Amino acid sequence: MATPTGPPVPGPEAAVARTLLLGWVLVQVVGASGATGVVVAYNLTWKSINFKTILEWEPKPINNVYTVQISHRLGNWKTKCFSITDTECDVTDEIVKDVKQTYSARVLSNLANATSFAGEPMYTNSREFTPYFETNLGQPTIKSFEHVGTKLNVTVQDARTLVRMNGTFLSLRDVFGKDLTYTLYYWKASSTGKKTAKTNTNEFLIDVDKGENYCFNVQAVIPSRRENQKSPESPIECTSHEKGVFRELFFIIVAVVFLVIIFIIILCLSLYKCRKARAGRSVKESSPLNIA
C-alpha cells in the first residue's frame, strides 16, 4: 500500500502548547486593561458645517481622559484638546488655516489623575478629512426679494465662515468662488408645480406672470463635488400682489397729502401777503395829507 502524503498532523502536545499560549496572551491583555482602566476611543467622526469642524468619538470616559491631536499630511501632530472628559473637540482653528489640506486626527486615552509616566498612551486614528471637499454647506438665507410686474428679483446672502484672510472672515463665495452656485425653486402660490433657476452669483432675475403671487426658496450647490454637493433648502418666502398694490396706493396717498399740504402753505402765505398789503393801503388812506 502507498503511504499517504500531505501536511503532518500536529500532535496533541502542539495543540496544548498553542492553547496555553493563546490563554497567556488573553490573560495579559485582560490584565493590562483591568490594571489601567483605560478605554480606547472608537467611532471617530468629523462633523463640519461651513468649515466649523468638530471631531466626535465614543465612548464616554470612566477612569480615563482624552487628548486630541491633529495634523495635515506634511505637518507634525498638534494638541488641540488636552486631558478632557468630553467626547468631542473643536478643531476649527486648525483646519481653517488651509481648507484645501488633508487632515488626520487621533484620540489618545490616558488614565485620569495619573501621577507617573505610564508609557505610550493608547490611541485611535481618524479617517482623513479635506475641508474644502467635505464640509457640509449650511442653510442659505434669502437677503431680499422684489416682485415688480413680470420680474422677480431674489438676492441670496452668503454665509460667513471662520476662514480668515488678512484678518477678515471670508464668506462662502470668497472661499469657493465660481465653484459655489445657487439654485432657486419657485412656483405660483396657487399651484405646486416647481420651476428652477441657477446662478453662480448671488442674484436671480426671472420672468413671472404679472399679478400672480409666487413662493420660492434657494439651495447652495457645489457641482464639482462627488458628495455633500447640496445644502439644506432655505425657508420659503412668498410675494404678495395685494401688498404691492397697497404699497403703491400708500405712496400715492402720501404724495397727494404732501401736495395738499404744500398747496395749503402756499395759500396761507398768499392770504397773509394780501391782508398785509390791504392793511398797508388802509393806513395810507387814513393818514392826513401833508400840506406844503
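Buried means under 20% relative accessible area, exposed means over 50%, and partly exposed lies in between, with a 1.4 Å probe and protein chains only. This tour uses those words throughout.

The model is predicted: local features need pLDDT of at least 70, side-chain atom pairs count only at pLDDT 80 or more, and totals for chains, interfaces and linings use all residues. Residues are numbered from 1 along each chain as its sequence is written, and side-chain values use heavy atoms, with hydrogens and water left out.

**The whole chain**

Begin with the entire chain in a cartoon view. It contains five helices and 16 strands; helices (H or I, at least four residues) and strands (E, at least two) are DSSP runs, numbered from the N terminus. Of its 292 residues, 32% count as buried. The chain exposes about 20,000 Å², and carbon and sulfur atoms supply 59% of this area; accessible areas come from the Shrake-Rupley method with a 1.4 Å probe, and for residues only the protein chains shown count as cover. Among the contacts (heavy atoms within 4.5 Å) with a separation of 6 or more, 61% are between residues 24 or more positions apart.

Select K78, K80, D93, E94 and K97, which are linked in a network of salt bridges. A salt bridge is a side-chain nitrogen of Lys or Arg within 4 Å of a carboxyl oxygen of Asp or Glu, and the structure holds 10 of them. Centre the view on K80. With D93 it forms a salt bridge of 3.3 Å, N to O. D93 belongs to helix α2 (residues 92–95) and K80 to strand β4 (residues 78–84), so this pair ties together parts that are 13 residues apart in sequence. K80 also forms a salt bridge with E94, where the closest N and O atoms are 3.4 Å apart. This second pair likewise links strand β4 to helix α2, across 14 residues.

Which of these residues are buried and which are partly exposed? E94 counts as buried because its relative accessibility is 8%. D93 is partly exposed at a relative accessible area of 45%, and K80 is partly exposed at 26%.

Next, select residues 141–148, 151–157 and 203–207, which are β8, β9 and β14. These three strands form an open sheet in the order β8-β9-β14, with antiparallel pairing; two strands pair if DSSP finds at least two bridges between them. β8 and β14 stand at the edges with a single partner strand each, so one side of each is left without a neighbour in the sheet. On average, neighbouring strands here are turned by 15° against each other, direction ignored; axes are lines fitted to C-alpha atoms, for helices over the stretch in contact, and angles run from 0 to 180 degrees between N-to-C directions.

Seven bridges join β8 to β9, and V148 stands opposite K151. Five bridges join β9 to β14, and L152 stands opposite I206.

D207 is exposed, with a relative accessible area of 54%, while K151 is partly exposed at 36%.

Four strands form another open sheet, in the order β13-β12-β15-β16, with antiparallel pairing. At its edges stand β13 (195–199) and β16 (237–238), each with a single partner strand, so one side of each has no neighbour in the sheet. Between them, select β12 (residues 181–188) and β15 (residues 214–221), which are joined by eight bridges; T181 has V221 as its bridge partner.

Then pick A197 in β13. A197 is buried, with a relative accessible area of 15%. Leaving aside neighbours within four places in sequence, A197 contacts Y182, T183, L184, Y186, F204 and I206.

**Last stop: helix α5**

Finally, select residues 241–286, helix α5, where V257 is found. V257 is partly exposed, with a relative accessible area of 43%.
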